[in-house]
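Q: I have a new model on my screen. Can you show me how to read its features one at a time?

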Amino acid sequence: MKARESERGEVTAFLALIFVLLAAFAGSIMESASLQSAKSYRRADMNRAMESVFAEYQRELLEEFEVFAMDGGYESGSYSEQKVFDRLSYYGASGMEQRMERIQFLTDADGQAFLEQIVHFIDNKYGLGSLNHLLGSMGQWEGREEAAGQYQQTEESLYKELAGMLNENDLTLPAEDNPLPNIQQLAAAPLTELVMPKERQVSDKSVEEGGLVSRRNLRSGFGDFSDVADAVELSQIAFGEYVLTHFSSAADSGQEGNIGALNYEIEYILSGKDSDRENLEFVLKKLLAFRVVPNYIYLQGDAAKRAEAQALAVTLCTAVAFPAAANALTQVLLLAWAFGESIMDLRSLMKGYGVPLTKNGESWQLSLSGLMSLGSRESGQEGADVQGGMKYGEYLRVLLFLNRGQEMPFRALDLVELCLRREKGLTWFRADDCISRMEVASKVSLRRGITYRFRTYYGYR
């Protein structure tokens with residue numbers, strides 16, 4: 001009897017112990033679930049707050065330039081992390097210790113975030129695959145750019161050769177029927193005055209703000225975003241297409257009504273000078289170099305025009321009794337003729353006309369005798385339009401592709417800032433206050449000394 005009672009006592013104690021263990025296990029599960037729930041709530045609070053903060057993107061920046069960015073200065077012109085944390089708290093992430101783990105501004109890494117958004121805009125609008133044909137056609141222009149540099153060396157060499165021959169014999173070519181003095185004067189004159197249509201004036205606008213993006217010390221973010229950044233492909237082509245669709249150029253009509261800081265914005269992106277006039281001059285010189293080479297090559301292959309230049313060279317050399325210089329003078333005259341024809345090409349481009357890559361007898365505009373009066377008001381020589389020829393905007397596309405300097409995205413941001421500050425009244429706007437990505441490390445106390453640490457990332461794309 002006592003043995004049975006002992007056995008029953010042991011069973012009761014065992015069951016009691018099992019019950020205590022089950023109760024403790026259930027309690028621990030409930031506590032764990034409660035903690036996980038609290039963690040999930042706090043993480044959800046932070047996610048919601050982060051999304052709300054990034055939803056306060058700069059509206060005018062998006063409407064005018066298709067770029068998402070959050071103003072970290074909150075219209076004060078002065079960024080601080082605390083302002084961002086205050087907004088996070090306002091949107092529900094209160095009661096947390098926040099620390100900025102990493103942050104990227106629009107201007108960081110040579111404007112990487114800006115370029116990424118440009119690529120996405122072009123991809124959504126055209127599809128990057130549709131730009132492959134442009135990439136193929138642009139490849140040939142690298143060779144043309146190299147040929148332009150070689151041409152300049154050839155030109156200098158031929159002029160030095162002719163000048164040396166004449167100086168050795170103390171001779172000077174006659175001025176009558178000699179186009180070279182006029183061409184030398186034109187070569188020293190501003191191209192803006194030679195090629196702009198008579199009915200249009202060269203813009204005198206300029207910028208004097210030393211605090212532009214490309215000219216000031218920029219705020220820098222920190223942290224590596226390679227794990228979330230997109231691979232940017234065809235960025236140079238995409239950048240060029242973006243610039244052509246969002247900024248003005250010298251070929252655009254209605255410049256008189258342009259209230260922007262500059263009229264020739266694409267030329268500024270390419271050149272970076274202070275004034276419209278300087279930027280246009282820079283671009284015109286680039287285009288002149290591109291046009292002279294194919295024009296000179298065409299003249300070399302046109303037997304009639306080459307014979308005409310040779311006849312004039314013989315006449316001029318005979319007048320000073322020095323026929324030995326005829327061959328050198330022939331090449332110099334062909335160079336001058338190619339230069340004059342290129343001036344005519346630039347006039348066509350400035351009128352919005354097309355200019356073929358390579359000339360033929362029908363598309364050639366300038367006669368050899370026309371070099372004598374080129375540039376004078378009485379000449380009446382205007383550029384012609386050739387069906388299917390490249391227009392000014394297409395040449396700008398080429399220059400944007402070839403000019404791969406890191407400063408071009410910053411010059412584009414210069415114009416973005418100037419537009420938003422002057423035209424939209426956002427005088428506080430700074431591109432390097434604009435946040436494109438950030439990750440925040442949070443620490444929150446749950447209960448009984450238990451803390452929870454987590455990170456929250458958000459970024460535009």
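**Reading the model**

A: Start with a charge and a ring. The charged end of Lys359 sits over the ring of Trp364, 5.4 Å from its centre. Keep in mind that this is a predicted model.

Q: Which residue lies over the face of Phe225?
A: Arg102 does, at 4.6 Å from the ring centre.

Q: How many helices and strands are there in the protein chain?
A: The chain has 14 helices and four strands. Of its 461 residues, 47% are buried. Now look at contacts with a separation of 6 or more: residues 24 or more positions apart account for 78% of them.

Q: How do I read an aromatic pair, and what kind do Tyr57 and Phe68 form?
A: Check the distance between ring centres, then the angle between planes. Over 60 degrees counts as edge-to-face. Tyr57 and Phe68 are 5.1 Å apart centre to centre, with 85° between the planes, so the pair is edge-to-face. By this rule the count comes to 14 aromatic pairs.

Q: Where do Tyr57 and Phe68 lie?
A: Tyr57 is in the loop between helix H1 (2-54) and helix H2 (59-65). Phe68 is in the loop between H2 and strand S1 (70-71). The pair therefore ties together parts that are eleven residues apart in sequence. Tyr57 counts as partly exposed, at 34% relative accessibility. Phe68 also counts as partly exposed, at 28%. Ring pairs link both into a cluster with Phe54, Tyr458 and Tyr460.

Q: What angle do the axes of helices H10 and H11 make where they cross?
A: For two helices, read the approach of the axes and the crossing angle. The axes of H10 (residues 276-301) and H11 (residues 303-319) come within 5 Å and cross at roughly 90°. The two helices are therefore roughly perpendicular to each other. H10 contributes Tyr298, Leu299, Gln300 and Gly301 to the contact, and H11 contributes Ala303, Lys305 and Arg306. By class, that contact has three nonpolar, two polar and two charged residues.

Q: Is helix H13 largely enclosed or open, and why?
A: Count its buried residues. Buried means under 20% relative accessible area. In H13 (residues 392-402), eight of the eleven residues are buried, so the helix is largely enclosed by the rest of the structure. The buried ones are Tyr392, Tyr395, Leu396, Val398, Leu399, Leu400, Phe401 and Leu402.

Q: What should I know about phi, and what value does Asp110 have?
A: Most residues other than glycine have a negative phi. Asp110 has a positive phi of about 60°, although it is not a glycine. Asp110 is found in helix H4 (residues 108-125). With a relative accessible area of 34%, Asp110 is partly exposed.

Q: Where is Asp177, in a helix or in a loop?
A: Asp177 is in the loop between helix H5 (132-168) and helix H6 (180-188). Its phi is near 60°, a positive value in a residue other than glycine. At 52% relative accessibility, Asp177 counts as exposed.

Note on methods
Residues are numbered from 1 along each chain as its sequence is written. This is a predicted model: local features need pLDDT of at least 70, side-chain atom pairs count only at pLDDT 80 or more; totals for chains, interfaces and linings use all residues. Side-chain values use heavy atoms; hydrogens and water are left out. Axes are lines fitted to C-alpha atoms, for helices over the stretch in contact, and angles run from 0 to 180 degrees between N-to-C directions. Angles under 35 degrees count as roughly parallel, over 145 as roughly antiparallel, 65 to 115 as roughly perpendicular and the rest as oblique. Contact means heavy atoms within 4.5 Å. Ala, Val, Leu, Ile, Met, Phe, Trp, Tyr, Cys and Pro count as nonpolar, Asp, Glu, Lys and Arg as charged, and the others, Gly among them, as polar. Buried means under 20% relative accessible area, exposed over 50%, partly exposed in between (1.4 Å probe, protein chains only). Rings of Phe, Tyr and Trp (its six-membered ring) pair if their centres lie within 6.5 Å; planes under 30 degrees apart count as stacked, over 60 as edge-to-face and the rest as tilted. A charge sits over a ring if NZ of Lys or CZ of Arg is within 6 Å of the ring centre and within 35 degrees of the ring normal.
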